[in-house]
Amino acid sequence: MPAIYVHIPFCKQKCVHCDFNSYSGLDSLHRAYVGALVSEIALQAPALRNSSDNDLSVSSVYIGGGTPTLIDPAHIDAVLHAIANHFSITRDVEVSIEANPETITLERMAVLKEAGVNRLSIGFQSLDNRCLQVLGRKHSAMQAIDAFNAARETGFDNINIDLIFGIPGQTIANWASTLEQVTLLDPEHLSCYSLTIEPGTVLEREIAMGLVETPDEDVQADMFTYTIESLRESGFEHYEISNYAKLGKRCRHNLTYWNNGDYIGFGAGAHSKMLNIRFSNIASPAEYIKSVESGSCIAEVIDLSIEDEMSEMLFLGLRKTEGINLEEFKTRFGRPLHAVYGAQVDDLIRNGLVTWDDRLRLTSRGILFGNEVFSRFI
Amino acid sequence: MDRKNIRNFSIIAHIDHGKSTLADRLLEATDTLSEREMMDQVLDSMDLERERGITIKARAVRINYKAKDGQEYILNLIDTPGHVDFTYEVSRSLAACEGALLVVDAAQGVEAQTLANAFLALENDLEIVSVINKIDLPSADPERAAREIEEGLAIDASGALMVSAKTGEGTAEVLEAIVQRVPEPKGDLDAPLKALIFDSFFDSYRGVIVFIRVVDGSIRKGQKIRMMATGRVAEVEEIGVLRPEMEKVDGLSAGEVGYLIAGVKDVRDSKVGDTITNAKNGALEPLPGYREAKPMVFCGLYPVDGGQYEDLRDALAKLQLNDPAMVYEPETSSALGFGFRCGFLGLLHMEIIKERLEREYDLELVATAPSVAYRITKTSGEQITIRNPSEMPQPHEIEKMEEPFVSTVILLPPDYVGTIMDLCQDRRGEFKNMQYLSETRVELQYDLPLAEILLDFFNQLKSRTRGYASLDYEIKGYKATELVRLDILLAGTPVDAFSCIVPKEKAYQRGKELVSKLREIIPRQMFEVPIQAAIGSKVISRETVKAKRKDVIAKCYGGDITRKRKLLEKQKEGKRKMKQVGRVEVPQEAFMQVLRVEDK
């Protein structure tokens with residue numbers, strides 16, 4: 001069962017830390033872009049049906065960006081219709097959409113809900129106005145809380161809040177306060193990301209020029225540890241490095257990535273993986289629209305070797321706190337994991353970074369040093 | 001050709017003062033090379049030389065020239081290496097000549113190397129023809145340059161030639177001056193053969209090719225010869241001249257310059273400075289001035305990947321075929337594993353060899369900080385020489401310790417004299433002399449420990465004078481000093497590759513500097529890493545690299561996977577390039593950084 005991702009690459013303004021495939025000032029493209037999305041879905045569906053030996057019923061759809069809620073919700077409705085027309089959808093399908101607080105209104109939410117969206121992911125990032133300013137966000141803390149309440153009022157009962165910690169100038173107390181306020185809102189799911197300075201971003205330049213201080217590694221580590229403990233106490237399960245959920249509310253769509261499942265991405269720069277092939281679309285929205293018209297929008301195809309697949313199963317699977325099922329590895333690759341990565345695993349166990357019984361998983365120390373573990377399997 | 005129509009000359013100049021360009025112009029003007037054949041700067045034939053803009057090994061070219069007097073002349077241009085490490089080679093090249101063009105940049109004026117090489121030329125009784133080059137530059141001040149030549153060298157520069165090697169202006173006058181002012185070669189045609197080896201190199205097809213200047217007698221193909229210093233006897237298989245490509249001739253006689261091939265497979269059998277004579281009834285006395293090239297600077301070279309040890313050994317053996325001045329012997333370091341302690345003529349020589357090993361033999365190397373050879377008299381009376389700090393005996397076993405000193409000449413603008421005197425003082429220098437060459441150029445003379453020159457001296461000199469100072473030095477001899485061994489401990493374990501020998505009175509300061517430098521270089525690890533500096537069992541400085549707290553990719557969704565994999569690959573590669581010392585991962589540059597000092 002593949003998961004479907006739809007990319008909406010438009011933003012009112014790009015945030016300073018963002019290195020996603022998103023653009024501001026392309027409002028005039030919205031209509032043509034949605035048209036291209038609908039065409040791409042129709043275009044790809046038959047090929048995907050033929051290339052997969054699995055059934056093509058879809059159990060999750062994720063509309064991400066960019067800011068998907070920036071475009072007319074009727075457009076989202078059209079895209080979801082196209083998906084329903086070309087794929088079989090499971091009855092309990094999870095349909096998520098990303099939203100920024102300033103784009104959330106009761107009317108919009110109602111249209112989206114009507115269109116079949118049943119999970120909302122709101123980009124709060126922080127509930128401190130100074131931090132929001134540092135990131136170049138367009139909303140205030142108040143607007144974020146209002147947006148959440150509006151979504152609830154519309155009837156959304158599965159809401160994620162995105163947060164970032166380790167923002168330049170942010171203290172632990174400040175972060176703790178954001179976390180406390182957010183838990184009071186009682187969302188079903190939280191994603192808490194440690195701020196990463198990505199190459200080519202405005203933030204990277206600002207730091208290089210000395211306008212903004214570099215996030216302190218030690219402070220970020222303290223915040224991370226604090227987050228894990230504090231959210232556990234608030235009844236959240238820490239199920240992936242940066243993700244926390246109430247019981248039964250893990251994000252099914254994102255778990256597909258970490259479980260090394262198949263997924264199809266539609267839209268500019270969207271990535272797909274079917275069996276051992278990974279492919280991605282042309283990134284520029286204008287080019288993407290043109291390419292769909294001409295019949296193919298794929299920019300890059302990568303064949304995964306068995307070694308690639310094995311290492312991906314490990315470095316993605318170990319992101320989940322429940323880790324990797326050893327039986328599953330053996331069934332999939334015909335060799336026990338220990339026969340392939342014995343030396344690495346033994347060494348990591350000695351260093352207290354992983355444990356294993358029937359599953360291989362990160363220890364609580366290993367979670368802080370995930371890259372030390374992942375890079376051993378590359 | 002009649003000897004009175006032969007002129008043997010060198011060009012001496014500071015780096016970048018236009019020696020190679022002038023040589024090119026002379027070859028061009030005499031049609032020795034047509035313009036089309038002409039690669040820029042023919043005489044620098046190694047890639048590395050060309051990139052660095054310096055000439056490492058001497059070469060010779062024979063130029064045919066029809067002078068204004070209507071006669072044909074043979075001008076042998078013998079090139080000289082242009083760096084302080086190769087002073088001995090320069091002196092041998094000069095010994096093969098009767099005259100030298102002293103090239104001085106009209107804008108830069110006289111530099112330390114100009115002086116040092118010009119003095120070598122004077123010692124060899126060469127006629128010096130002053131050439132002031134780059135007169136086309138807007139900043140040219142030829143009169144000042146001439147004044148500096150007169151002050152610095154006490155030679156008359158009133159007849160200095162004004163040249164722009166770049167535009168070719170003055171080239172014709174240079175050729176005429178060589179004919180008119182450089183004396184014809186002397187020497188006894190009927191005496192037993194005496195030929196000076198001024199260079200030799202190994203060619204993998206032809207064996208050793210020896211460059212010679214015949215001083216007395218003559219040499220021909222088939223003749224049996226003997227190298228007087230090594231005693232090696234051989235038969236001349238081929239003899240010729242360089243135009244600049246090799247051209248066979250039947251023989252060479254007193255005054256002439258050329259090459260010979262004599263079935264010698266090892267350059268060590270035909271050493272620069274040695275005298276070639278007849279195998280039978282040869283000359284009794286060799287030409288003066290020969291000495292063994294003696295390595296003065298030592299460092300450990302270790303493969304990053306231990307599996308490359310054999311490759312490194314083979315590469316060193318091959319390089320030595322061409323460069324007998326480089327020596328090596330196997331050495332083991334507890335931190336770095338198996339490697340070699342290598343000896344070089346100087347810092348540049350060391351850098352060139354390391355770079356060639358990495359570039360031409362595709363090796364990845366860690367070099368330890370360079371060291372000098374110390375002489376130690378033990379309390380037992382035994383005398384030893386150590387080239388590696390780890391060989392230093394316990395303090396109570398040492399009666400006396402001596403280190404090599406160099407006499408240095410530093411030329412600089414007067415504004416910087418104060419700061420450079422401070423630097424020399426700080427480096428345990430002994431002031432010798434100071435002299436104004438012109439209103440803009442001062443000559444400073446100091447005796448300094450060679451170890452201090454290795455300690456980032458050149459960079460300090462350049463940065464303190466904004467690049468305006470130049471330096472030349474020569475080995476003076478050994479002198480007793482108070483020295484101790486400074487050890488560095490990482491996570492409690494001494495790392496032999498970081499040990500260094502330092503003056504006692506500076507041990508505390510050096511220890512502190514070293515520890516704080518290493519704290520910056522060594523990345524945070526999974527655990528806390530204390531860095532300590534110790535003399536014997538006494539810790540004199542300590543700092544800590546804090547443990548790493550967090551290292552994990554925060555976001556990884558469908559579109560990120562390929563990118564994040566690359567990130568992890570990069571991280572893994574970075575780790576691979578580190579040297580594992582005990583549990584601690586140390587970046588390679590740390591081993592060289594040991595002797596780099598902050599400018600305070």
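Biologist: Which helix of chain B does Leu22(B) lie in?

Modeller: Leu22(B) lies in helix H1 of chain B, residues 19–29. Helices (H or I, at least four residues) and strands (E, at least two) are DSSP runs, numbered from the N terminus. Please note that this is a predicted model, in which local features need pLDDT of at least 70 and side-chain atom pairs count only at pLDDT 80 or more, while totals for chains, interfaces and linings use all residues. Residues are numbered from 1 along each chain as its sequence is written, chains are lettered from A and ligands numbered from 1 in the order in which they are written, and side-chain values use heavy atoms, with hydrogens and water left out.

Biologist: Is Leu22(B) buried or exposed?

Modeller: Leu22(B) counts as buried, at 0% relative accessibility. Buried means under 20% relative accessible area, exposed over 50%, and partly exposed in between (1.4 Å probe, protein chains only).

Biologist: And what is Leu22(B) in contact with?

Modeller: Leaving aside neighbours within four places in sequence, Leu22(B) is in contact with Ile11(B), Leu101(B), Val103(B), Val131(B), Val163(B) and Ala165(B). Contact means heavy atoms within 4.5 Å.

Biologist: What about Ala172(B), where is that found?

Modeller: Ala172(B) is found in helix H6 of chain B, residues 171–181. With a relative accessible area of 41%, Ala172(B) is partly exposed. Its C-alpha atom is separated by 39 Å from that of Pro324(B), 152 residues apart along the chain.

Biologist: Turning to chain B as a whole, how many helices and strands are there?

Modeller: Chain B has 14 helices and 33 strands. Its radius of gyration is 27 Å, close to the 25 Å that the globule rule gives for 600 residues, so chain B is as compact as a globular protein of that length. The radius of gyration is taken over C-alpha atoms, and the globule rule is 2.2 Å times the number of residues to the power 0.38. Of the 600 residues, 57% count as buried.

Biologist: And how many in chain A?

Modeller: Chain A has 15 helices and 17 strands. For its 378 residues, a compact globule would have a radius of gyration near 21 Å, and the 21 Å of chain A agrees. Its C-alpha atoms fill a box of roughly 55 × 50 × 40 Å, taken along the principal axes.

Biologist: At what angle do helices H2(A) and H3(A) cross?

Modeller: The axes of H2 (residues 73–86) and H3 (residues 106–115) of chain A cross at roughly 10 degrees and come within 9 Å. Axes are lines fitted to C-alpha atoms, for helices over the stretch in contact, and angles run from 0 to 180 degrees between N-to-C directions. H2(A) and H3(A) are therefore roughly parallel to each other; angles under 35 degrees count as roughly parallel, over 145 as roughly antiparallel, 65 to 115 as roughly perpendicular and the rest as oblique.

Biologist: Which residues meet there?

Modeller: From H2(A), Pro73(A), Ala74(A), Ile76(A), Asp77(A) and Leu80(A) meet Arg108(A), Val111(A), Leu112(A) and Ala115(A) of H3(A).
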